[in-house]
Amino acid sequence: MSGLGIEDAGPQLGRNLTYGMLDAIGRAIVVGDYDGAIFPTEAELAKQHGVSRSVTREAVKMLTAKGLLSARPRQGTIVQPTTSWNLFDTDVLRWLLERQFSIDLLRQFNELRVAIEPEAAALAARVATVDDIERVNAGLKRMERAERGEDDTLESDIAFHIAVLRASRNPFYAQFRDVVSTALRTSIRFTNRVKGRTANVADHAAVRDAIANGNPDKARKAMRALISDVLELIETANPDGAVPGR
């Protein structure tokens, strides 16, 4: 036998090892495991995680592209400050949302939503096709079924918001779907937990109706009302900044 090592493993195994390594190191950086400490060398990381140097090198390269690490001459690899992280990267956002975090993060995310989604809804009211409107309507129907216990409340709410982004026919809004999908999983869980109920289907129906009727102003106002309600809930639910139930 040739005694194949990790570096000789098939491409699928290599990808799995790399992304597993990426996830482990990325999460450790985001939760602060390396705060005030010297970041390990590639050799040390490889030994700690039981993987090859090539897997470690690739994971570190990917984390550098996400803004979490940087390599400097005579300084080695160092952890970058939060201000350098790519917050639109879905891995970075997921790690942020999985850690113990404050109300501030939820507030900041929804402040971004209120700047994006109402305008996407208004644009959708102007340019959405019949198929686009049907997808929005399908998301709303899922929310209605969820109220009856026939669908998932979280996934149906996310499906509605993503359908609105797609209905804008703007690729930049459409690509915001990954951020919305990732972050809403925490935001919706939080608001539902505080409210003790699921999202207001009638309020979402107002957005759907405005888009279907081709009324940009009403679509904008209806979507803004949805997110403003979330912002108000975040601001008043827990003033000390701790997330209930975490």
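Which two side chains meet in a salt bridge at 2.7 Å, N to O? They are R135 and D132. The views below are close-ups of a predicted model, in which local features need pLDDT of at least 70, side-chain atom pairs count only at pLDDT 80 or more, and totals for chains, interfaces and linings use all residues. Residues are numbered from 1 along each chain as its sequence is written, and side-chain values use heavy atoms, with hydrogens and water left out.

**View 1. Overview of the fold.** The protein has 11 helices and two strands. Helices (H or I, at least four residues) and strands (E, at least two) are DSSP runs, numbered from the N terminus. From that terminus on, the elements run α-α-α-β-β-α-α-α-α-α-α-α-α. Of the 246 residues, 43% count as buried. Buried means under 20% relative accessible area, exposed means over 50%, and partly exposed lies in between (1.4 Å probe, protein chains only). The accessible surface comes to about 13000 Å², and 50% of it belongs to carbon and sulfur atoms. These areas come from the Shrake-Rupley method with a 1.4 Å probe; for residues, only the protein chains shown count as cover. Among contacts between residues at least 6 apart in sequence, 72% join residues at least 24 apart. A contact means heavy atoms within 4.5 Å.

**View 2. The largest nonpolar core.** This core has 38 residues, of which I29, L63 and L68 touch the most other members. The elements giving it two or more residues are α1 (11-30), α3 (53-65), α4 (90-98), α5 (103-127), α7 (153-167) and α9 (177-195). The largest share, six residues, comes from α1. A nonpolar core is a set of buried Ala, Val, Leu, Ile, Met, Phe, Trp, Tyr and Cys residues joined through side-chain atoms within 4.5 Å. Not counting residues up to four places away in sequence, I29 touches Y34, F39, L63, L68, L69, V79 and W85. A second, separate core of 23 residues includes A121, M143, A167 and L231.

**View 3. Helix α4 and its N-terminal end.** D89 caps this end of α4. A side-chain oxygen of D89 lies 2.9 Å from the backbone nitrogen of D91. Within α4, the residues D91, V92, L93, W95, L96 and L97 are buried. The side chains of R94 and D91 meet in a salt bridge (3.0 Å, N to O). A salt bridge is a side-chain nitrogen of Lys or Arg within 4 Å of a carboxyl oxygen of Asp or Glu. R94 and D91 both lie in α4, three residues apart, about one turn of the helix. R94 counts as partly exposed, at 27% relative accessibility. D91 counts as buried, at 19%. Both residues belong to a network of salt bridges that links D23, R27, K66, D89, D91 and R94. The count of salt bridges comes to 19.

View 4. E111 is partly exposed, at 37% relative accessibility, whereas R107 is buried, at 19%. In α6, R135 and D132 are separated by about one helical turn because they are three residues apart. R135 counts as partly exposed at 31%, and D132 counts as buried at 1%.

**View 5. N110 in helix α5.** N110 lies in α5. Its relative accessibility is 0%, so N110 counts as buried. A polar atom of the N110 side chain lies 2.9 Å from the backbone oxygen of L106. Such a polar contact is a pair of N or O atoms within 3.5 Å; within protein, one must be able to donate a hydrogen and the other to accept it, and residues adjacent in sequence count only if both atoms are side-chain atoms. Not counting residues up to four places away in sequence, N110 touches S187, I227, V230, L231 and I234.

**View 6. A146 in helix α6.** A146 lies in α6, which spans residues 130-147. With a relative accessible area of 8%, A146 is buried. Leaving aside neighbours within four places in sequence, A146 is in contact with D151, D152, T153 and S156. A146 and S156 are 10 residues apart in sequence and 7.2 Å apart in space, C-alpha to C-alpha.
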